[in-house]
Amino acid sequence: MPVTTLNVSQVIGKTLKAASDVDYFYPIGAKKGMFKKGDIIGVIYSYAYGGTPDLYWQIDRSGNTIFVKHDINKLELVGGRQILEDIKRQQDKIKIEEKGLLRYYLDKYLPFIVGAVVIYFALPTIKNVVKNEKK
């Protein structure tokens with residue numbers, strides 16, 4: 001399955017959780033502390049680059065701004081699976097609108113139907129060949 005890319009508008013306002021130990025900064029580049037695996041980091045308020053090529057998520061923690069460097073191996077988006085499922089449903093809906101319902105489902109399931117029919121007709125022939133070879 002292809003990787004789904006999220007855009008910033010789908011991430012802003014969502015809660016970020018530490019999937020492993022994660023450093024946080026204020027300002028960007030100045031380490032202020034670390035979150036341990038499983039800690040809730042906070043709600044993503046915005047993003048910044050801070051003069052670096054790296055993306056940092058801006059988190060507002062009770063009036064204190066911190067930045068967390070974007071790293072898909074260290075960060076987890078709470079409810080991320082639901083966001084990806086919503087994106088998939090939206091993509092399917094667009095495909096159905098573009099192709100039409102019948103064409104969409106034919107494209108999706110026809111290869112499986114054809115494969116099942118081929119197996120249905122080929123299996124007796126294969127069984128007969130194997131049976132004849134044993135004789």
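The tour starts with the numbering and the model type.

This is a predicted model, in which local features need pLDDT of at least 70, side-chain atom pairs count only at pLDDT 80 or more, and totals for chains, interfaces and linings use all residues. Residues are numbered from 1 along each chain as its sequence is written, and side-chain values use heavy atoms, with hydrogens and water left out.

**Whole chain.** Select everything and show the C-alpha trace: along its principal axes it spans about 80 × 40 × 25 Å. The radius of gyration, taken over C-alpha atoms, is 25 Å, whereas a compact globule of 135 residues would be near 14 Å (the globule rule is 2.2 Å times the number of residues to the power 0.38).

**Surface.** Switch to a surface view. The accessible surface comes to about 10100 Å², and 58% of this belongs to carbon and sulfur atoms (Shrake-Rupley method, 1.4 Å probe). Of the 135 residues, 21% count as buried, meaning under 20% relative accessible area.

**Cartoon.** Colour by secondary structure to find seven strands and two helices. Their order along the sequence is β-β-β-β-β-β-β-α-α. These are DSSP runs, with at least four residues (H or I) for a helix and at least two (E) for a strand, numbered from the N terminus.

Select residues 22-25 (strand 2) and 31-35 (strand 3), which run antiparallel and are joined by four bridges; strands pair if DSSP finds at least two bridges between them. Which residue of strand 3 is the bridge partner of phenylalanine 25? The partner is lysine 31. Five residues lie between the strands, and in this hairpin glycine 29 takes a positive phi near 100°.

Methods: Buried < 20%, exposed > 50% of the residue type's maximum accessible area, 1.4 Å probe, protein only.
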